[in-house]
Amino acid sequence: MAGPAAAAGEKVAVFDFQLVDSSLEGSMMGKDAAQEARLARMAPMLRKDIAGLDGYELVDTGPVARQAEDANLQNCGNCALKFAGEVGADIAVVGTVQKVSNLILNINAFAFDVKTGKPVARGSADIRSNTDESWERGVQYLFKNTLKKQFEAAR
């Protein structure tokens with residue numbers, strides 16, 4: 001029978017996705033409730049996918065969620081690595097949805113080794129249309145065709 005160390009996998013902290021609205025629509029019209037709901041579903045979908053991979057287990061980002069929400073995780077001097085380390089993760093995953101327009105959006109996800117800062121996985125998926133279906137398909141495509149392969153290769 002294998003011991004606990006053999007069963008344990010790399011611990012992964014997947015932070016909530018953040019919106020980068022370069023369309024200027026948000027600054028002119030305010031937050032879009034449907035879009036905010038879509039954004040909130042991105043990280044849980046990615047968490048579920050990563051949890052399904054052999055050799056990886058998720059950690060709860062709840063204790064640092066407020067700090068992460070207040071930070072720009074893409075441009076904060078590796079604060080995501082610090083937050084992930086605080087919750088015991090080996091890998092930090094951050095993501096954005098960049099809104100160029102209501103028609104053109106880009107989903108990005110990046111996974112980094114907490115100790116070294118080196119990339120473990122990263123990818124991007126362009127989507128067309130700002131709908132529940134397009135966002136869900138986009139993150140599924142990103143995981144299945146890019147991130148999954150990189151996570152599997154890293155093990």
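**Aromatic pairs and positive-phi residues in a predicted fold**

Phenylalanine 112 sits in strand E5 (residues 104–113), where strands (E, at least two residues) and helices (H or I, at least four) are DSSP runs numbered from the N terminus. The structure is a predicted model, so local features need pLDDT of at least 70 and side-chain atom pairs count only at pLDDT 80 or more, while totals for chains, interfaces and linings use all residues. Residues are numbered from 1 along each chain as its sequence is written, and side-chain values use heavy atoms, with hydrogens and water left out.

As for the overall layout, the protein has six helices and six strands, and reading along the sequence gives the pattern α-β-β-α-α-β-α-α-β-β-β-α. The radius of gyration is 16 Å, which agrees with the value near 15 Å that a compact globule of 155 residues would have; this radius is taken over C-alpha atoms, and the globule rule is 2.2 Å times the number of residues to the power 0.38. Along the principal axes, the C-alpha atoms fill a box of roughly 60 × 30 × 25 Å. Of the 155 residues, 39% are buried (under 20% relative accessible area, with exposed meaning over 50% and partly exposed in between, for a 1.4 Å probe and protein chains only). Take the contacts (heavy atoms within 4.5 Å) between residues at least 6 apart in sequence: 64% of them join residues at least 24 apart.

Turning to the aromatic rings, a pair is described by the distance of the centres and the angle of the planes. Rings of Phe, Tyr and Trp (its six-membered ring) pair if their centres lie within 6.5 Å, with planes under 30 degrees apart counted as stacked, over 60 as edge-to-face and the rest as tilted. In one of them, tyrosine 56 and phenylalanine 151 have ring centres 5.1 Å apart and planes at 90°, so the pair is edge-to-face. Since tyrosine 56 belongs to strand E3 (residues 56–58) and phenylalanine 151 to helix H6 (residues 132–154), the pair ties together parts that are 95 residues apart in sequence. Tyrosine 56 is buried at a relative accessible area of 7%, and phenylalanine 151 is buried too, at 1%.

The other pair brings us back to strand E5 and phenylalanine 112. The rings of phenylalanine 110 and phenylalanine 112 have centres 6.5 Å apart and planes at 15°, so this pair is stacked. Phenylalanine 110 counts as partly exposed at 23% relative accessibility, and phenylalanine 112 is partly exposed at 27%. Leaving aside residues up to four places away in sequence, phenylalanine 112 touches Leu81, Asp90, Ile91, Ala92, Val94, Gly117, Lys118, Pro119 and Val120. Its C-alpha atom is separated by 9.6 Å from that of asparagine 78, a residue 34 places away along the chain.

Most residues other than glycine have a negative phi. Asparagine 78, however, has a positive phi near 65°. This residue lies in the loop between helix H4 (65–70) and helix H5 (79–86), and is exposed, with a relative accessible area of 57%. Serine 129, likewise not a glycine, has a positive phi of about 95°. Serine 129 falls in the loop between strand E6 (119–128) and H6 and is partly exposed at 24%.
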